Amino acid sequence: MELVLNRIDYSLVGPTSRHTMKILPNPDGKGLQRIAIGGHDGVVQIFNIKKSTLVHSFKSLPGAKINRLELGGMKDHLQDKVFIAANNEVRGYNKKGKLFLAFETTLTEPIQHMTISGSDLMVASFHSFQHYFDCVEKLNATFADKITDIINMPSPNNEGVRTVIACEDRTLRLVSEKRQAVVVEIGSRPSCLQLADEEDLHVLFGAQDGSIGLVSFGFNAQVRWVLEGGGSGCVNCMVHFDMSGDGQRELIVGRDDGLIEVFVYDPMQELPVKRASYACTESIMSVQAGFVSSPEHPEIIAVTYTGWFFGLTTESKESINLRQGDGPTNMSSEMQERLQQLRLEIDEIEQKVVREREKYKQTTQTRPDALSIVPKIEINEKFTLIPNEAVYLLSIEVQTPIDNVLIQSETPLRILDVERNSAVVSHSACDPEMGNHLLVTYRCQVNTTRLEVKVQTTEGQAGQLRAYVTVSMQPKCCRLIKFTVRPLSLHQRSHDLALDRPYNSLRLTGAFSLAEVHSWIGMCVPEVPDKVPLTSEGVLSYKNSFLDTVLHCVYAKGKAEFKSDNMSTIAVLKDVLTKEATAKSVDLDISCEIHPESTAWMLGLVHPLLAKQRQLGAENALLAPLHELQQQGVTLPANYQSILDSETEIVENMKSQPAQLERLKSIICDLLVDIGKFRGGNARGRLAQLRDLLEQYTHPDTLIDFFLMA
Amino acid sequence: MGELTETEAVTSLTPLQKTCFGYGLSNGTIGVYEKLQRLWRIKSKNKAITVFNYDIDGDGLDELIIGWSNGKVDGRNCRTGEVVFKDNFSSAVAGIVAGDYRLNGGRDLICCSVTGEVRGYQTNKVLRAPGRRVNYGHDAVRELFSKKQNLLLELSNYKESSNQAAEVVKAKIPMQTKLQCVVALNEKDLEKPHIDVTLFTNNDTVIRAVLVFCEGIFQGESHVLHPRDWELTRSVTVPITPVSNIPVDLHIKALIGQIDSTNFHLFELSRQLPRFAMLQLLKGKHEKPKSYSTFIVKERIQRIILWVNQNFLLQTEVTLAGLELELFFKALPTNKLVVFCVGSDNKITIFCDNMGLVGEITQSLANFLNVNDLEARAEFPNVEEKMKMLMHNMVELNEVRLQLSTDMASCLDSIRSHVIRIEDARIIEDVEGVLKWTTALATCNSDILKSYKVRNNNHEDLVKSLKQINKCIEQSSKLRVGKPQARLVELCRAAVKNNNVPAILRIFKTGIN
């Protein structure tokens, strides 16, 4: 069955964080439901919707930024109490807005995540997790990696509450007061959690790369299924609701790139199936579903980063218009009244703004000592690796419309345009000698609040990437955001130990502390925990998302060992580490060991990629001639016909990954140089020969022979 | 009639009703002109493959229909540029036409994509209904909400700004900070003379980066200067090289703050570079070039001085000393000397070897002074020489062409007979005969191929010469304005047709035959 969703805009509530909007349950389960929202300005509001306007039952005063809003209540009672977390404080309101709890936790950082069941309150900051029972601390845990979400598991037989903690090290941990933690490793960085069902210990996780998976913490704790993201944005929020009215709950997902999707659980299929989707231009921070504007039609409601509060209803457009009196011919008095009301409000504010503007102008002219302060622009920025494509996605989202963005890089990079963008791109001439390898301006069309850019990095070339974001607001101002491109930028954390590979190794010994070596590693690879390992030895495993090679780091006070099947990885590490140690004037003892088979292994890994790219290029070149033959009525042999059949795929691949072949070739050339360096020679002289060889490449053996010749 | 200059190569044009026409540029800009006035233009990151005229919403006025490189098709109101119609193809649009392909007497719009998809559209009056967007009220509400939020934000910014105790010290700059701009010609850089636009602040705040938006003179639409962290100062110089003698509008955005700021104030500045910015005023007298054009303008000399001050990049304004004016310029980057003289008898003489440049100066001046008709006497020995040579070449090339044509005709004749002979030989089964005539045919064939190549080259040369001749005529016509200008073109065309070189030279000199 098709699910048609129609958007209704309700209000603009101002910027919000993730998970700060909830629908309150109704005691009798009938009628329209109330909604609670907490904003960056610290305002908590509880309201319901009448004729698409908000009718507030409560609105608090501004205060500290609200990071999380949850519902709670006595066990086995209606969960209609609203709890908010701001700074390190938790406050509870009843549905009428009466404050019944104000409780300061002992966390030193602001609370980022919170989950509540009965009298059990769990809070988490970036690295610490606390469990309170009736406001008494029960459990306290600290993690080296960032916590990304927490959620309480149901405990049917009073075993005590158990909490699932999602961490950036790609694990989900089930912790409880009494038992030892259960750790489940997952394939990508989790970003949010949602209970799968009430009875079993199943939890859904959404991940940074857009994938969604189910983890069972039952008898055999493991990942049950993973639905790959396929290039869609980070999962920000998830909720279950029966949208179609067939008695089956659907999964509703809100994503960073503005996509809201509805999935159905089909008993015949292993994975949920996408039923409907809606694309909005701003990231979705919270998503909920219920009956809010009409008692008959279930509705998805969502809040975006800039604070758009809107509904996606199953009600038909005509029916909505009839109800609200909005239509091409007869705009009802209510609609007009609403417009009138808004216009009045705006007029009032406009006058105030004009007055302030005048005042500002006067001060600039009369008082020579006066200072002008740029308002701080709140930016929601992300710079994350998309592993399948081995490129970084840089996304910038601002509360107010963006005027232009200038991207500058001090290291060689390639910027790939994202189809969704409507901004006009202009590459400016730049001089690498002056520290600018890249200067690109994006001039945005009116009312753009979000911009996405893909960045292709090369391993070994590190530096800073800057984005100057100018907003179109008076007084005009601009904010600089910086991103670090690390030398091993294409590596991502992994749990795959892959022991049976031929490893090259790099051993360091010297008078350095654990914290020092930890920070050095942090300069080389991404995703290194902010905190120094809590044990005496740190262990990190990485996978190169482009080539699938592996890197293991084991380090402790005074010694560190790195193992990788990719010689270039070792070479980059050696360069950076020695440079850092020299800067700190620490004497290092470095020893390297090359596994004789690693080169052949590595070339074997590159082979399928290289062969695929070559084939793709060849097939792409064949497309036009084949079309011509077909038009002349020639019957094509099956293998050529199949090329024509997969034309869209080929073209799509060529478009999405330009210069991929060049990228692979330069990696092989780097490998030759790096191996040469470790053997104490200079292999640059042989590069031209290698390039020739790569031009006529068909089989890895020719390359392996060439590499072994030296 | 008129001449308009756009920022990039024009890739498509279409007439719209009455006096309007639509255009598309290679950089993704589209727009509409009414007579010589631009009504609107819009730039997109995609390229407009084609523009077309069709009344899609049935309001009696043509809409500008645009086919984009990303497969989009838009219909825009020709007055306002508002989108009234939209469709999407899976691949780039190849072409748009209109016709009565259903034989129902109407004119339907037909769009075709590069992959061969063809779609037809007809006039749809629904598009015109006042609230055709189903969410009419909702859109209004949405717009009002965002306006409200933006205003509230601005308000809170002023409040914060007046609150001097705010904690971020680095983002503060004195309120009286101003951005100043000096434009000067930099001729020291001998290899690539350019114009320096120097920006500086009036206190110790620094310029973090400068973005200059300007169409047509940079690689893209913008040029960025981003000094290294340790090289930040209160002034930045942007080098600019105008491509031709057109006034350009520079839109400068400078990010200003303290040395280690992460928040910056944005100062915006627009500056127009004068048309002849690359002409450098020289001091003292120099020897005048031999070529010149002279004409009489009945106008006070003060007005002419005003024109000089507006259209040249001068360090100090030119003032009148005496009754006559004599200005020496150096045209960069060619270093040609240009002398601009105004006599007491209203006689203006421009000395320069480059006839094109003299034409541009004449046109600009005439336009400024609102002169409708202008006769001129011109003396350009180098152009005359060139013209003579070109005409001579053309005659020769034409002769060669005739010769080649006859050769080819005779060759064709023998081919025909050869073919018949082969056929005959085949019928009487004379194998040797077939061989013999086939060989002869092959020789003929290769001969004709060779002569085709020669003909082709000859044709290309001819076209090239014709182009140059036309260019010379155009440049010469630009030395005059109005009726004399049009008459010159006419006379010259006739003279070229008759191959009358002395007449051409005479027309060049005097403007009449």
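This is a predicted model: local features need pLDDT of at least 70, side-chain atom pairs count only at pLDDT 80 or more; totals for chains, interfaces and linings use all residues.
Residues are numbered from 1 along each chain as its sequence is written, chains are lettered from A in the order in which they are written, and side-chain values use heavy atoms, with hydrogens and water left out.

**Stop 1: the second largest cavity**

Select Met355(B), Ala378(B), Glu379(B), Phe380(B), Val383(B), Glu384(B), Phe508(B) and Lys509(B), which form the lining. A cavity is a set of points, on a 1 Å grid over the protein atoms alone, where a 1.4 Å probe fits but cannot get out; lining residues have an atom within 4 Å of a point. In chain B, β25 (376-379), α4 (381-427) and α7 (501-510) each give two or more residues to this lining. Helices (H or I, at least four residues) and strands (E, at least two) are DSSP runs. By class, the lining has 5 nonpolar, no polar and 3 charged residues.

**Stop 2: annotated spans of chain B**

Select residues 381-478 of chain B, which an unreviewed UniProt entry annotates as "domain: BBS2 hairpin". This span is 96% helix and 0% strand, with its end C-alpha atoms 17 Å apart. Next select residues 191-276 of chain B, annotated in UniProt as "domain: BBS2 GAE" (unreviewed entry). Here the chain is 0% helix and 55% strand, and the end C-alpha atoms lie 19 Å apart.

**Stop 3: the largest cavity**

The whole structure has 2 cavities of 30 Å³ or more, and the largest holds about 100 Å³ of space. To see its lining, select Arg170(A), Ser188(A), Arg189(A), Gln208(A), Asp209(A), Leu385(A), Pro387(A), Gln492(A) and Glu527(A). That lining divides into 2 nonpolar, 3 polar and 4 charged residues.

**Stop 4: helix α10 of chain A**

Select residues 700-709 of chain A, helix α10, where Pro700(A), Leu703(A), Ile704(A), Phe706(A) and Phe707(A) are buried (under 20% relative accessible area, 1.4 Å probe, protein chains only). These residues lie on the same side of α10(A) because they cover an arc of only 160 degrees around the axis, taken from the directions from the helix axis to the C-beta atoms. On the other side, Leu708(A) and Met709(A) are exposed (over 50%).

Methods:
On a 1 Å grid over the protein atoms alone, a cavity is a set of points where a 1.4 Å probe fits but cannot get out, and a pocket is an open set with protein on both sides within 12 Å along at least five of seven lines; lining residues have an atom within 4 Å of a point. Grid points are joined across faces, edges and corners, and a volume is the space filled by probe spheres set on the points. Ala, Val, Leu, Ile, Met, Phe, Trp, Tyr, Cys and Pro count as nonpolar, Asp, Glu, Lys and Arg as charged, and the others, Gly among them, as polar. UniProt positions are given in the numbering used here, feature names are shortened, and annotations may be inferred rather than shown by experiment.
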